[in-house]
Amino acid sequence: MAYGAAADAGAERPKRISVLIGPDGTVLRRYDAVTPADHPDEVLADLA
């Protein structure tokens, strides 16, 4: 909940999001639309 991942908790089916969190606990990037096959490469590119 701290990062907004449970914002739709009251919905019948909450949407899934992914959040990239930095070492200091700040949100570096939020991914609202994720394609499972492409997401790992997207995150790795954002870390570079």
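1. Read along the sequence, the fold order here is β-β-α, with one helix and two strands in the protein. Helices (H or I, at least four residues) and strands (E, at least two) are DSSP runs, numbered from the N terminus. Bear in mind that this is a predicted model: local features need pLDDT of at least 70, side-chain atom pairs count only at pLDDT 80 or more, and totals for chains, interfaces and linings use all residues. Residues are numbered from 1 along each chain as its sequence is written, and side-chain values use heavy atoms, with hydrogens and water left out.

2. On confidence: pLDDT is the predictor's confidence in each residue, from 0 to 100. The protein averages 83, and 77% of the residues score at least 70. Confidence is highest in H1, with a mean of 95, and lowest in strand S1 (residues 18–21), at 91. Where pLDDT is low, the predicted coordinates should not be read in detail.

3. The salt bridges are worth a look; there are three of them in the structure. (A salt bridge is a side-chain nitrogen of Lys or Arg within 4 Å of a carboxyl oxygen of Asp or Glu.) Arg29 pairs with Glu42, with the closest N and O atoms 3.5 Å apart. Arg29 sits in strand S2 and Glu42 in helix H1, so this pair ties together parts 13 residues apart in sequence. Arg29 also bridges to Asp46, at 2.5 Å between the closest N and O atoms. Asp46 is in helix H1 and Arg29 in strand S2, so here the parts tied together are 17 residues apart in sequence.

4. For the cut-offs: buried is under 20% relative accessible area, exposed over 50%, partly exposed in between (1.4 Å probe, protein chains only).

5. Buried residues make up 12% of the 48 residues. One to check is His39 in helix H1 (residues 39–47), which counts as buried at 12% relative accessibility. Leaving aside residues up to four places away in sequence, His39 touches Ser18, Tyr31 and Val34, where contact means heavy atoms within 4.5 Å.
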